[in-house]
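Try each task yourself before reading its solution.

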Amino acid sequence: MSVEDLGHREAVTLSGSVLEELFAAHYPRLVGLAGLLGADDPEDVAQEAFARLQGRGGALRRPETAPAYLRATVCNLTRNRRRHLRLVRLRQPPPPEPAAAAELVVLDREGHRELIVALDGLSRRQREALVLRYWLDLTDQEVAEAMDVSAGSAKTHIRRGIAALQRALGGAPE
Amino acid sequence: MTEGGKRDIEEALREALRVQGESYSVSPDAWERVRNRAGRGADGSRRGGRRRLAGPVLAASAVACTAVAVTLVPSHLPGGGGGSGRDHRAGPLAPGSANPPLRLPAQPEAAATLAELCAGATPPQERGRALRKLGALRDPGRRNRWFVVAEQASGNIQIQALSEAGRRMTCVPYTRVAPRGWNSFVGYSGGRGAGEASWVGFARVPVASFEAVYDDGTRMRFACGGGGQGEATCGRVAVGRRGAVTIFATAPRVYRPRREGERVTGVFNLLNSAGKVVGRYQFAR
């Protein structure tokens, strides 16, 4: 019996179990996606994406579309959150003098940190494209769907993002 | 760009994203929280946006409750608290040992144990026992480093960092001195501008989770016994005349201000098991 064949009441019941399976399969990766895209509270973003998915019966009745919906939602929510933080920062007065001296400890930096910092310096679209491609191993088409752009644009963002990273790390001429 | 250079950067990026992406914490009650959110939408209440105001408090409370369940009942730990599975008890003082408070040796005895450790006079195989005796707390941000709350003769308290360096143990004061009479203290580690930040401290009241709120709105949450970036190690120990205190250390998190080199300011909240703020500390760099 396909999900489409079920009546409304049954569909809701099944939706819950489908959502739970999706959650088990995708939640950690989506938390990582939100974090890598720069969300300050990646879990909050991922949880909201699942909560919204449950509100969309249509997506759940076709479970195969749910991962794409979740990825796109995480991208959108992270984008909105970062925009909100930027606005808050613009509105806030200059920070006050420190209340008290604090300890300074130089922490070890792992080798990959440089790359992550360089990633942070890319344009929003390049960063999204690279994270979707290399963190979630998506195809050009899937990257494009998550970003809501054409496949050609996604490919361009990935290519330019890689080139920009290489420049930032001093590995290629301008 | 050459094909080889592109491949190199792709591989490096894949690895960096894997390491970074897997470092984000996942709450044990995440599924429950999703269901609660979805339920709030289904019962006809307004679901507009992400309810940033209500979310953090509820979330912190939920995480805290879980952390405390783990803390108070060691058998809830993976493997019955015996150390298998997730490494909740990796350090000399792990969350499972939080209740009742670990009674530290009397001041002269503790001082002697610490002095022996720091002088390298404790054989490596005895270190674990000595660290446990001191109520040392594992640093979630660095392997082979522990924090020890040391009470000075004056009654002041200072947190020291003990690191293994081969056969030797290096001991350095990690925080400023918390004067006698202070019921809690939080030390902030972090530089000006973008970089890693972490917090270490103690509190007389039991605490179960923490929240750093930067002045620009960035929030970071930590929970005792949490995992990944939200990890904090906590333990309840009895320190000399001070009595029982909870000592804690958070995992390092990366913070980026709007401009590199800009002054960093914010508030670090201590929350109890009910998610209530029981301490607020300004930090700045």
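**Exercise 1.** Which residues of α6(A) are buried?

*Solution.* Keep in mind that this is a predicted model.
Step 1: find helix α6 of chain A, which covers residues 124-134.
Step 2: apply the cut-off, by which a residue is buried if 20 or more other C-beta atoms lie within 10 Å of its own.
Step 3: list the residues that pass, namely A:Gln126, A:Arg127, A:Glu128, A:Ala129, A:Leu130, A:Val131, A:Leu132, A:Arg133 and A:Tyr134.
Step 4: draw the conclusion. Because 9 of the 11 residues of α6(A) are buried, the helix is largely enclosed by the rest of the structure.

**Exercise 2.** Work out how many helices and strands there are in chain A and in chain B.

*Solution.* 
Step 1: walk along chain A from the N terminus, and the elements read α-α-α-α-α-α-α-α. That gives 8 helices and 0 strands.
Step 2: turn to chain B, where there are 5 helices and 14 strands.
Step 3: In chain A, 41% of the 174 residues count as buried, while in chain B buried residues make up 44% of 285.

**Exercise 3.** Find the order of the strands in the open sheet of 4 strands in chain B, and say which strands stand at its edges.

*Solution.* 
Step 1: trace the order, which is β2-β3-β4-β5 in chain B, with antiparallel pairing.
Step 2: look for strands with a single partner. These are β2 (137-138) and β5 (168-173) of chain B, so each has one side left without a neighbour in the sheet.
Step 3: zoom in on one pairing. Strand β4(B), residues 157-165, is joined to β5(B) by 6 bridges, and B:Ala165 has B:Arg168 in β5(B) as its bridge partner.

**Exercise 4.** Describe how β10(B) pairs with β9(B) and with β11(B), parallel or antiparallel.

*Solution.* 
Step 1: recall that strands of a sheet pair through backbone hydrogen bonds, in either sense.
Step 2: take β9(B), residues 219-224, which pairs with β10(B) in the parallel sense over 2 bridges. Here B:Cys224 stands opposite B:Ala232.
Step 3: take β11(B), residues 243-250, which is antiparallel to β10(B) and joined to it by 8 bridges. One bridge links B:Val239 with B:Gly243.
Step 4: inspect the hairpin of β10(B) and β11(B), with 3 residues between the strands, where B:Gly240 has a positive phi near 40°.
Step 5: check burial. In β10(B), 8 of the 9 residues are buried, so the strand is largely enclosed by the rest of the structure.

Technical notes:
Residues numbered from 1 in each chain as written. Chains lettered and ligands numbered in written order. Predicted model: local features only at pLDDT ≥ 70, side-chain atom pairs only at ≥ 80, totals over all residues. Buried ≥ 20, exposed ≤ 12 C-beta atoms within 10 Å, placed from the backbone. Pairing = 2+ DSSP bridges.
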